[in-house]
Amino acid sequence: MLPKMRKRIIARPLHIPHTEQAWCLDLESTASVEVTSEDNAFPIESALLQLEKGGWRAAETGVQTIRLIFDQPQRLRRISVVFEETENQRTQEFTLRWSSDRGSSFREIVRQQWNFSSPDATRETEEYNVDLSNVTLLDLIIDPDKGNGKAQASLLSLRLA
């Protein structure tokens, strides 16, 4: 016979997985964007606003920068980046960095490498929990083909909260 415990059944809270929670920073109304290169068929809006499939792609090879310039300083709690490569094997490195003084100085959030190799490793999805105050600029710097420089940078999505 089992010992008696005082117990009660409680209702389970509605759990929304972190990745499905709303990304509340409306980039269209809070920021402008600069890119070092852009393929007209894959504009940056596709990666930032999720208006269309396909994301952003650079028109040229080599290291590329996507810079968000906020109208007013922002507080960031989460950053999500998604990259996809289904055609070429390559090693990509990206760096996320931020500035509180309009670019006079930067602080690095993360620098990371990923090896794309079809068919098993075609998508890199990263989410970072951060606590950044007074963010005036956010840079995403992509070296799409570390050491070779022959690939074009691409970004499926960038989300902020």
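The secondary structure of the protein consists of 2 helices and 8 strands, where helices (H or I, at least four residues) and strands (E, at least two) are DSSP runs numbered from the N terminus. Along the sequence the elements follow the pattern α-β-α-β-β-β-β-β-β-β. The model is predicted, so that local features need pLDDT of at least 70 and side-chain atom pairs count only at pLDDT 80 or more, while totals for chains, interfaces and linings use all residues. Residues are numbered from 1 along each chain as its sequence is written, and side-chain values use heavy atoms, with hydrogens and water left out.

Of the 161 residues, 40% count as buried (under 20% relative accessible area; exposed is over 50% and partly exposed in between; 1.4 Å probe, protein chains only).

A search of the whole structure finds 2 aromatic pairs (rings of Phe, Tyr and Trp, its six-membered ring, with centres within 6.5 Å; planes under 30 degrees apart are stacked, over 60 edge-to-face, the rest tilted). The ring centres of Phe83 and Phe94 lie 5.1 Å apart with planes at 40 degrees, so this pair is tilted. It links distant parts of the chain, Phe83 being in strand 3 (residues 64-84) and Phe94 in strand 4 (residues 90-99). Phe83 is buried at 1% relative accessibility, and Phe94 is buried at 0%. Trp114 and Phe116 form an edge-to-face pair, 6.3 Å centre to centre with 70 degrees between the planes. Trp114 is partly exposed at 26%, whereas Phe116 is buried at 1%.

Thr125, in strand 6 (residues 123-143), is partly exposed with a relative accessible area of 47%. The C-alpha atoms of Thr125 and Phe83 are 6.6 Å apart, at a sequence distance of 42 residues.
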